[in-house]
Amino acid sequence: MIRKALGISAIALLVLSMLLLLLASPPRFLEPSIQPLRMLLVSVITRGVSRSLNGTLEIDSIQGSLLSAPVALGISLTDARGKQVVQIHSLSLDYRLADLVQGQLRIRELAITRPHLSLAWDEQEGLNLTGVFPPGSSESSDDDALIPLILEQVRISDGSIELAHPSVPQIREISNLSLDLRLDIEGDSLNLELQRGVAKAKPAAVDLETLQGVISMTAGELQLDGWLLETGASRISAAGGIPGKSPTTGLQLELAPLDLGEIGRLTGETSLQGG
């Protein structure tokens, strides 16, 4: 009797494993039939993620193998008020689930195409993007149980940003954004190493020809280290804290050559922009 029960259990587990494998990596001829079930799984996951956010995460569709190389299409992240903060046309991953055995999730490559961010600063609530992610509690030990995430190579292409912050009133739009970076996340700490970045800023008419440096975040506080930004006229280095809930900033900026006209275009000071 026990042997029969074990045999039935083994068969049930085998069938369940085969079904999960089909959902994760279906043969091409079965994809039209399996896709609704995969999207049901994705819907359950996104609802679970949304419950941990001050906002909502949505994904239109998933293609490819969930075991190693999935592609997500039509990703959107909205804040608690329903305003869209992040929109991504496509996101593809290259990883090995075997790395989970080592206690970490290592992504060999993450490619993001046509991302769009709408960033706004509010005097009471601070930056809208950081407001979507609730700060971790220092009294909780849940962070110790989280699996560290390592993104070895992140490639962002054809991105854009809408920006509304009183410290840079003349930069309201960033377009043609292209970035290469590495990202490490463990608990509530984040470390991002930007290796290459180019973009165009409007209406200041400033082209960002080089952008690189390190940004770290702990308990919602952002810190810049070794940042270098080169435009057509200037070379700007930056280090220090980024303003969050306060309009004041701990950033230290160095500009060479001292192009007052460029400072005026960035800060909106017409007295510096000249004729």
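Trainee: How should I read the numbering and the atoms here?
Mentor: Residues are numbered from 1 along each chain as its sequence is written, and side-chain values use heavy atoms, with hydrogens and water left out. As the model is predicted, local features need pLDDT of at least 70 and side-chain atom pairs count only at pLDDT 80 or more, while totals for chains, interfaces and linings use all residues.

Trainee: Where is confidence lowest in the protein, and where is it highest?
Mentor: Good thing to check! pLDDT is the predictor's confidence in each residue, from 0 to 100, and the protein averages 75, with 71% of the residues scoring at least 70. The lowest mean, 42, belongs to helix α1 (residues 2-24), and the highest, 92, to strand β3.

Trainee: How many contacts does the model have for residues 1-23 beyond four places in sequence?
Mentor: Contact means heavy atoms within 4.5 Å. Over residues 1-23 the pLDDT stays under 50, and the number of such contacts is 9. Residues 137-141 also have a pLDDT below 50, and beyond near neighbours in sequence their count is 0.

Trainee: Do β4 and strand β6 (residues 149-164) run parallel or antiparallel?
Mentor: Look at Leu110, which stands opposite Val154 in β6. The two strands are joined by 12 bridges, and their direction is parallel.

Trainee: Is Gln153 buried or exposed?
Mentor: Gln153 is found in strand β6. Leaving aside neighbours within four places in sequence, Gln153 is in contact with residues including Leu110, Asp180 and Gln195. Buried means under 20% relative accessible area, exposed over 50%, and partly exposed in between (1.4 Å probe, protein chains only). Gln153 has 19%, so this residue is buried.

Trainee: Which residue in β11 does Ser216 stand opposite?
Mentor: Strand β10 (residues 210-218) pairs with strand β8 (residues 189-203) in the antiparallel sense over 6 bridges. β10 also pairs with strand β11 (residues 221-230), again antiparallel, over 8 bridges. In β11, the residue opposite Ser216 is Gln223.

How values were computed:
Helices (H or I, at least four residues) and strands (E, at least two) are DSSP runs, numbered from the N terminus. Two strands pair if DSSP finds at least two bridges between them.
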